[in-house]
Amino acid sequence: MKVLKFAGFVIALLIFLVICAMSYVKLGLPDIDKPEDLTVPITPELVARGEYLANTVTVCMDCHSTRDWSRFSGPLVDNTLGKGGEVFDHKFGFPGVFTSKNITSSGIGDWSDAELYRAITSGVTKSGTAIFPVMPYRAYGKMAKEDIYAIIAYIRSLEPIDNTVGNSTPDFPMNFIINTIPQPADHQPLPDKSDVIAYGAYMTNAAGCTECHTPQENGAPIMSKYMAGGFPFQLPGFGVVISANITPAKSGIGSWTEDQFVERFKYYGKEGYVPHKVNEREFQSVMPWTMYARMEEEDLRAIYQYLQTIEPVEHVMQRFTPEESSGS
């Protein structure tokens, strides 16, 4: 009987500790303070830098605008910049329903610069809730502060669009796990462009390349396959597309010249280029080519030079699997 009582006590204690831990994770996290007295100056120079970053490098407008998925790579629909409302849910393989925020003044007009800064760099909303890392805030938190300020200045310049978006709701157990993901920003200085490799590494991080081109396990990147591709994207109506290997391996971009790498991007920004129509079950890409195509050639060349320095990883995969037809 004493053994049973002791066992019962241990079980009760364990249950109590689990409840305490879950309560802390749910109610005590994320514990990220916003900076005090942050006011970003709205200067033409800062807005211009922010426009460049948000539309061609960090591609914030990729998720916070409307994309036309009837055309290759889902180009942005005119007059939707910042309106939000893009839904990332179970159809795309997400553990819940996550909706991009309206980041025009109609959606975040009551947010302070400090609250915007915390959301972009640490993944915590105005109300203190955690943001699911479909937005790569962990990468943005490693950018230079002045670049984050530029993005904020540009966001403040967007034309207001009345568009009420739905709430984001993670499933269990993600509704607990999500609170452990935000981390304080760890800003890195913006390297001089003359240091091509360091500058390329900075731009690669800012562009979120790691988020898509490094496979994950339980939400964490598999660093032994850093940039080796293999991250699956479910595209309802089309199929599953797998991110490419961009290491300097034979199965990656090892045989690409710098000019070929740049041309791959610039092709989608040539005068007269119009993304072609994509029918159901045909190859589609989540890569926002028409946005990255506007990146400065110097920046693309720096990214290429950095990628040539990383460990080559041979990783051959089937890049696209069409969705099964409804009649099969």
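Start with the second largest pocket, which has a volume of about 560 Å³. Before going on, a word on the source: this is a predicted model, where local features need pLDDT of at least 70 and side-chain atom pairs count only at pLDDT 80 or more, while totals for chains, interfaces and linings use all residues. Residues are numbered from 1 along each chain as its sequence is written, and side-chain values use heavy atoms, with hydrogens and water left out.

Back to the pocket. The search runs on a 1 Å grid over the protein atoms alone, and a pocket is an open set of points where a 1.4 Å probe fits, with protein on both sides within 12 Å along at least five of seven lines. Lining residues have an atom within 4 Å of a point. Points are joined across faces, edges and corners, and the volume is the space filled by probe spheres set on them.

H9 has the largest share, five residues. Helices here are DSSP runs (H or I, at least four residues), strands are E runs of at least two, and both are numbered from the N terminus. By class, the lining has 15 nonpolar, 11 polar and four charged residues. Nonpolar covers Ala, Val, Leu, Ile, Met, Phe, Trp, Tyr, Cys and Pro; charged covers Asp, Glu, Lys and Arg; the others, Gly among them, are polar.

Now cysteines. A disulfide is a pair of cysteine sulfur atoms within 2.5 Å. The whole structure has zero disulfides. Take Cys 209: the nearest cysteine sulfur, in Cys 212, is 8.5 Å away. Cys 209 counts as buried, at 15% relative accessibility. Cys 212 counts as partly exposed, at 30%. The cut-offs: buried is under 20% relative accessible area, exposed over 50%, partly exposed in between (1.4 Å probe, protein chains only).

Next, rings. The whole structure holds 19 aromatic pairs. Rings of Phe, Tyr and Trp (its six-membered ring) pair if their centres lie within 6.5 Å; planes under 30 degrees apart are stacked, over 60 edge-to-face, the rest tilted. Phe 265 and Tyr 292 are an edge-to-face pair, 6.4 Å centre to centre with 80° between the planes. Phe 265 is in helix H11 (residues 258-266) and Tyr 292 in helix H12 (residues 289-292), 27 residues apart. Both are buried. Both also belong to one aromatic cluster, with Phe 72 and Trp 289 among the other members. The charged end of Arg 264 sits over the Trp 289 ring, 4.4 Å from its centre (the rule: NZ of Lys or CZ of Arg within 6 Å of the ring centre and within 35 degrees of the ring normal).

Last, the backbone. Most residues other than glycine have a negative phi, and most peptide bonds are trans. Ser 73 has a positive phi of about 70°. Asn 79 has one near 60°. Buried or exposed? Ser 73 is buried, at 1% relative accessible area; Asn 79 is exposed, at 74%. Finally, the peptide bond from Phe 172 to Pro 173 is cis, with omega near 5°.
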